[in-house]
Amino acid sequence: MVLADDHAAVREGLRMVLEASGRISVIGEAADGAAAIRLASELRPDVVLMDVRMPGVDGLAATAAVTAATDARVLVLTTFGLDEYVVGALSAGASGFLLKTASGAELVDGTLRVAEGDAVLDAGVTRAVVDAMRDRPAPTVPDLSALTDRERDVLGGVGAGLSNAQIARRLGIGESTVKTHVSRVLTKLEAPSRVQAAVIAAAAGLV
């Protein structure tokens, strides 16, 4: 993964916590958004841990560039709660966000979940993001007729802020099956992230 934060001490602390898990390898560090975009393109990490506020190219613009040009998933870090920067980053394609006050275990778990294609957003946060994004100009909601009944059920779970494991329990199917359905739903809806899919689910009345 790549770490993007303008404070060297923060990056060092994050690296120590993540690599101590034995499950995550930090392959690059960036002190600003421009460097994060460059490293994501050059190193092709699974995940970029992105500070939302950085000098020059900020985390919002960097997130949009990284998700548009690479397959890397972006996990946003912020000192604050759900503000316009975070909503903007999520709408730009980030897979979720964590507060900088998150514990080491939460940081490791969140990173691994994002790497696996899950989202790091609890139900309350998802609803707040959906509400905030509803008032923004948005493209026409895709025709949901392309989705199967099961895919619509899964989309409803995504819209409710459920993880893959929670959707699997709700529908009585395997978690790997849910992952497959989520991937197909995102492709069919041309949604860059689960958050965008959640907005679509809400607009379609599936939540």
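Two strands are taken to pair if DSSP finds at least two bridges between them, and strands (E, at least two residues) and helices (H or I, at least four) are DSSP runs numbered from the N terminus. The model is predicted, so that local features need pLDDT of at least 70 and side-chain atom pairs count only at pLDDT 80 or more, while totals for chains, interfaces and linings use all residues. Residues are numbered from 1 along each chain as its sequence is written, and side-chain values use heavy atoms, with hydrogens and water left out.

**The sheet**

Begin by selecting the five strands, which form an open sheet with parallel pairing in the order β2-β1-β3-β4-β5. The edges are held by β2 (28–30) and β5 (96–99), each of which has a single partner strand, so one side of each is left without a neighbour in the sheet. From one strand to the next the twist averages 20 degrees; for this and the angles below, axes are lines fitted to C-alpha atoms, for helices over the stretch in contact, and angles run from 0 to 180 degrees between N-to-C directions. Strand β1 (residues 2–4) pairs with β2 in the parallel sense over three bridges, and Val2 has Gly28 as its bridge partner in β2.

**Asp51**

Now select Asp51 in strand β3, which UniProt lists, in an unreviewed entry, for "modified residue: 4-aspartylphosphate"; UniProt positions are given in the numbering used here, feature names are shortened, and annotations may be inferred rather than shown by experiment. At 4% relative accessibility Asp51 counts as buried, where buried means under 20% relative accessible area, exposed over 50%, and partly exposed in between (1.4 Å probe, protein chains only). Not counting residues up to four places away in sequence, Asp51 touches Ala4, Asp5, Asp6, Gly59, Leu77 and Lys100, contact being defined as heavy atoms within 4.5 Å.

**Arg11**

Move to Arg11 in helix α1 (residues 8–20), which is buried, with a relative accessible area of 12%. A polar atom of the Arg11 side chain lies 2.7 Å from the backbone oxygen of Asp5. Leaving aside neighbours within four places in sequence, Arg11 is in contact with Leu3, Asp5, Asp6, Glu29, Ala30 and Ala31.

The loop between α2 (33–43) and β3 (47–51) contains Asp46, which counts as exposed at 55% relative accessibility. Beyond its neighbours within four places in sequence, Asp46 is in contact with Ala72 and Arg73.

Arg44 is found in the loop between α2 and β3 and counts as partly exposed at 49% relative accessibility. Although Arg44 is not a glycine, its phi is positive, at about 50 degrees. Most residues other than glycine have a negative phi.

**Towards the later helices**

In helix α7 (residues 149–159), select the buried residues, among them Glu151, Val154 and Leu155; Gly161, which follows α7, has a positive phi near 80 degrees. Finish at Glu190, in the loop between α9 (175–189) and α10 (194–203), which is exposed, with a relative accessible area of 73%, and which has a positive phi of about 55 degrees although it is not a glycine.

Definitions and conventions. Polar contact = N/O pair within 3.5 Å; in protein donor to acceptor, adjacent residues only side chain to side chain.
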